2 protein chains.
Amino acid sequence: MGGDLVADPSVTAVVRLGDTVRFTRPPGLAAWAAVGGKKEADGPLAAGFDLLFTDNRLGEETWEQAESTLQRHCVELLLQKADASAAQIDLALGGDLQSQCTATAYTFRGLDIPFAGVYGACSTMAEALGLAACLTAGGAADRALAMTSSHFCAAERQFRTPLNYGGKRTPTAQWTATGAGACLVTAQAGPGQVRLTAAAFGRVRDLSVKDGTNMGGAMAPAAAETLRRFFADNRCSPADYDGVYTGDLGVVGSEMLAQLLTAEGIDLAGRHKDCGLLLYDRETQQTGAGGSGAGCAASVLAAHILPALKTGRMRRALLVCTGALMSTTTLLQGESIPAVAHLVELTAPES
Amino acid sequence: MGGDLVADPSVTAVVRLGDTVRFTRPPGLAAWAAVGGKKEADGPLAAGFDLLFTDNRLGEETWEQAESTLQRHCVELLLQKADASAAQIDLALGGDLQSQCTATAYTFRGLDIPFAGVYGACSTMAEALGLAACLTAGGAADRALAMTSSHFCAAERQFRTPLNYGGKRTPTAQWTATGAGACLVTAQAGPGQVRLTAAAFGRVRDLSVKDGTNMGGAMAPAAAETLRRFFADNRCSPADYDGVYTGDLGVVGSEMLAQLLTAEGIDLAGRHKDCGLLLYDRETQQTGAGGSGAGCAASVLAAHILPALKTGRMRRALLVCTGALMSTTTLLQGESIPAVAHLVELTAPES
């Protein structure tokens with residue numbers, strides 16, 4: 001993990017290495033929460049969730065409102081676990097897949113916290129976390145909240161067809177998670193806190209995939225680009241990490257990512273895991289190529305990755321969230337699918 | 001302009017006063033650019049634009065592509081004016097009104113710059129500028145680009161009805177600008193550079209306006225909330241500023257804002273201007289209650305406000321961009337319109 005520091009770490013909390021922002025006094029993750037729906041409750045990570053609903057409507061009239069309610073529960077649990085009040089949060093960064101990011105906007109109606117909306121499709125959690133880390137390390141906030149969500153039923157009718165239509169799914173199609181994940185990022189990691197030690201914002205890549213049911217294929221080049229740059233900028237390799245988690249390439253995109261990185265001389269074998277493949281049991285749960293959606297990586301992070309770092313089962317991990325940046329309009333207009341991948345490096349508490 | 005500094009400004013470039021992030025070594029605006037369409041070319045600010053198109057399709061097949069092309073021209077002009085290359089930009093923050101922010105995502109396909117998408121509807125420019133200032137002041141970037149856009153024809157068919165339908169406009173309806181505005185924010189203002197001296201991120205407010213053709217009314221409470229807090233946090237008043245620019249309340253929202261702030265003992269008279277009322281001549285251009293759209297405030301900033309600060313015609317100004325955070329889905333579901341307002345304080349170059 002070499003690299004030339006470009007600033008005096010005794011004065012500055014941030015150094016930059018290419019596209020990587022590395023924190024010399026890293027922000028901490030004071031708390032996190034994961035909330036999920038029925039399929040998530042039936043999946044292998046259920047035990048890691050803070051709250052699971054068996055009815056995906058959560059008592060609301062619409063799927064869209066249900067997604068906001070998922071988020072509300074997630075923020076409430078996060079604040080509870082952090083023993084903090086809304087008034088102690090300086091800034092919330094969040095977004096979702098609904099057009100105009102309404103799930104998140106409507107959630108923050110009921111929360112008196114400064115709110116900056118972000119959008120990176122399924123890359124949103126890493127984007128929000130990366131920004132939260134840069135802002136807290138830089139003094140713009142002491143405590144920043146990062147959150148994203150998705151809802152299977154809201155996403156299906158927005159991006160594909162309403163559920164009642166009963167459209168057939170292709171084998172490459174991924175299953176949008178019904179879930180929300182949130183983290184509280186603090187300016188400087190305290191004892192026992194998982195540390196956010198680096199962040200890298202991705203560049204948009206488009207290898208001309210036009211198939212809206214093959215998001216994994218569309219997003220793999222963006223993940224490869226961000227990882228390739230990160231390993232080069234930081235003079236490190238997958239072997240330096242206990243896990244390199246993508247969110248969410250599914251089985252098709254994961255294979256493509258391995259191929260693309262192998263061609264660059266980077267071997268992910270034994271290190272790579274995909275949030276979309278962890279959240280569900282593909283054999284028994286019929287989730288196609290795997291899970292996806294902004295809430296997939298966010299909830300897997302909170303339910304699975306962060307607990308492993310907190311307890312020392314992992315020392316260091318990368319989370320690379322990938323977003324497919326198209327809309328139904330651009331797909332109908334014959335456009336291909338641009339994608340972006342943002343990355344955060346997570347490190348176990350100082351021992 | 002009192003307030004208790006919470007950190008030693010010789011070490012830190014950022015102090016926080018309530019919701020305000022104040023920069024003790026303020027970032028600079030190295031360059032800016034504004035690009036517009038036909039109606040903007042016919043308006044009173046035309047001379048301030050860098051580029052104006054008489055055909056709003058810009059040679060593209062769709063309105064959506066045309067908006068990306070507006071943005072591309074805007075970035076190219078910005079880089080030219082800053083004498084910078086894309087490789088010298090550490091991070092771009094941008095978004096737009098299209099569902100899933102596709103105008104911006106498709107623009108950044110063609111630009112090899114790390115890209116973090118933001119969404120705040122018509123508040124996006126102040127949000128992007130505020131984040132860019134926090135990130136550069138905090139060391140996460142040396143040069144950050146902030147950009148937003150809107151396109152009348154793309155917005156009409158997305159939020160209201162396709163143009164060909166010929167729907168009648170209500171008197172409270174605003175006219176979505178066809179325009180893009182971009183700024184290059186640098187870590188520390190150089191000689192002669194306009195300074196971004198403070199930023200404040202807003203809280204979501206919803207006073208139960210459900211009329212999608214009265215955005216000004218829906219957004220005024222958010223602007224009032226952000227301004228009220230800013231003046232209190234910084235112990236200052238509108239009289240400390242040569243201009244308090246909102247973007248974009250139009251005539252209806254502007255009246256509401258004045259009333260809401262008067263009730264709080266804050267007098268905007270003689271200071272308040274609205275970007276939506278500056279961009280067009282309402283009498284001759286039939287723009288209803290005034291201009292709006294993420295590109296309205298962004299292009300008025302670049303075409304009108306920043307030049308006045310650069311040349312010293314103004315010493316200090318506030319830009320408060322307001323965003324209505326609904327979608328057509330939430331409106332059809334009978335939801336009211338939540339809104340947010342983000343603020344940046346802009347100061348003339350050091351003399």
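This is a predicted model: local features need pLDDT of at least 70, side-chain atom pairs count only at pLDDT 80 or more; totals for chains, interfaces and linings use all residues.
**Exercise 1. The surroundings of N56(A)**

Step 1. For K38(A), a polar atom of the N56(A) side chain lies 2.9 Å from the backbone nitrogen of K38(A).

Step 2. In the chain, N56(A) belongs to the loop between strand 4 (51-52) and helix 2 of chain A.

**Exercise 2. Backbone geometry in the loops**

Identify where the peptide bond to D248 is cis in chain A and in chain B, and assign D83(A) and L58(B) as buried or exposed.

*Solution.* Step 1. As a reference, most residues other than glycine have a negative phi, and most peptide bonds are trans.

Step 1. In chain A, the bond from G247(A) to D248(A) is cis, with omega near 0°. D248(A) sits in the loop between strand 11 (243-247) and helix 7 (250-263) of chain A.

Step 2. In chain B, the bond from G247(B) to D248(B) is likewise cis, with omega near 0°. The loop that holds D248(B) runs between strand 11 (243-247) and helix 7 (250-262) of chain B.

Step 3. D83(A), a residue other than glycine, has a positive phi near 55°. D83(A) is placed in the loop between helix 2 (63-82) and strand 5 (91-96) of chain A. With a relative accessible area of 69%, D83(A) is exposed.

Step 4. L58(B) is not a glycine either, yet its phi is positive, about 50°. L58(B) lies in the loop between strand 4 (51-52) and helix 2 of chain B. Its relative accessibility is 14%, and L58(B) therefore counts as buried.

**Exercise 3. The interface of chain B and chain A**

Describe the interface by its area, its polar pairs and the elements that give residues to the side of chain B.

*Solution.* Step 1. Contact joins 59 residues of chain B to 59 residues of chain A.

Step 1. The area buried between the two chains is about 4700 Å², of which carbon and sulfur atoms give 53%. R16(B), Q100(B) and Y106(B) supply 15% of the area that chain B buries against chain A, more than any other three residues.

Step 2. The rule finds 14 salt bridges across the interface. In one salt bridge, R16(B) meets D90(A) at 3.2 Å, N to O. Residue pairs in polar contact across the interface number 37.

Step 3. Several elements of chain B give two or more residues to the side that touches chain A, among them strand 1 (14-17), helix 2 (63-82), helix 4 (124-137) and strand 15 (339-347). Helix 3 of chain B gives the largest share, 5 residues.

Step 4. By class, this side of chain B divides into 28 nonpolar, 17 polar and 14 charged residues.

**Exercise 4. The relation of the two copies**

Find what rotation and shift superpose chain B on chain A, and state through which surface the copies meet.

*Solution.* Step 1. Two copies of a chain are related by a rotation about an axis and a shift along it.

Step 1. Here a rotation of 180° with 0.0 Å of shift along its axis superposes chain B on chain A, with an RMSD of 0.0 Å. The two copies are therefore related as by a two-fold rotation axis.

Step 2. Of the interface residues of chain B, 100% are also interface residues in chain A, so the copies meet through the same surface.

Key: Residues are numbered from 1 along each chain as its sequence is written. Chains are lettered from A and ligands numbered from 1 in the order in which they are written. Side-chain values use heavy atoms; hydrogens and water are left out. Contact means heavy atoms within 4.5 Å. Buried area is the accessible area (1.4 Å probe) that two parts lose on being put together, summed over both. A salt bridge is a side-chain nitrogen of Lys or Arg within 4 Å of a carboxyl oxygen of Asp or Glu. A polar contact is a pair of N or O atoms within 3.5 Å; within protein, one must be able to donate a hydrogen and the other to accept it, and residues adjacent in sequence count only if both atoms are side-chain atoms. Helices (H or I, at least four residues) and strands (E, at least two) are DSSP runs, numbered from the N terminus. Ala, Val, Leu, Ile, Met, Phe, Trp, Tyr, Cys and Pro count as nonpolar, Asp, Glu, Lys and Arg as charged, and the others, Gly among them, as polar. Copies are superposed by least squares on the C-alpha atoms of residues with pLDDT of at least 70 in both. Buried means under 20% relative accessible area, exposed over 50%, partly exposed in between (1.4 Å probe, protein chains only).
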